[in-house]
Amino acid sequence: MVMENYVGKKFVNRYDVEEIIAVGKKSVIYRAYDITEKRTVALKYLIITL
């Protein structure tokens with residue numbers, strides 16, 4: 001399983017991804033800053049395997 005690391009990148013041109021909070025078997029949770037709403041949020045990235 002290959003996971004892309006989004007830390008330090010912009011996600012969908014709205015979120016600045018700051019750090020990984022947790023990693024599970026099928027997801028990664030990131031702490032990010034929502035540029036539009038000006039607040040810290042959690043982003044859950046689901047890993048889909050076929």
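Tyr6 and Tyr30 are both buried (buried means under 20% relative accessible area, exposed over 50%, and partly exposed in between, with a 1.4 Å probe and protein chains only). The model is predicted, so to speak of local features a pLDDT of at least 70 is needed, side-chain atom pairs count only at pLDDT 80 or more, and totals for chains, interfaces and linings use all residues. Residues are numbered from 1 along each chain as its sequence is written, and side-chain values use heavy atoms, with hydrogens and water left out.

Three aromatic pairs are found in the structure; rings of Phe, Tyr and Trp (its six-membered ring) pair if their centres lie within 6.5 Å, and planes under 30 degrees apart count as stacked, over 60 as edge-to-face and the rest as tilted. One of them joins Tyr6 to Phe11 edge-to-face, at 5.3 Å centre to centre with 75° between the planes. Tyr6 has a relative accessible area of 13% and is therefore buried, whereas Phe11, at 26%, is partly exposed. Tyr6 also pairs edge-to-face with Tyr30, at 6.1 Å centre to centre and 85° between the planes. Because Tyr6 lies in the segment before strand 1 (10-11) and Tyr30 in strand 3 (residues 27-34), this pair ties together parts 24 residues apart in sequence; strands (E, at least two residues) are DSSP runs numbered from the N terminus.

Together with Val7 and Val23, Ile20 makes a nonpolar surface patch of about 220 Å².

Terms used
Patch = residues over 30% accessible without salt bridge, like charges linked within 9 Å, V, L, I, M, F, W, Y side chains within 5 Å. Areas by Shrake-Rupley, 256 points an atom, 1.4 Å probe, with all protein chains shown as cover. Salt bridge = Lys/Arg side-chain N within 4 Å of Asp/Glu carboxyl O. Helix = DSSP H or I, 4+ residues; strand = E, 2+ residues; numbered from the N terminus.
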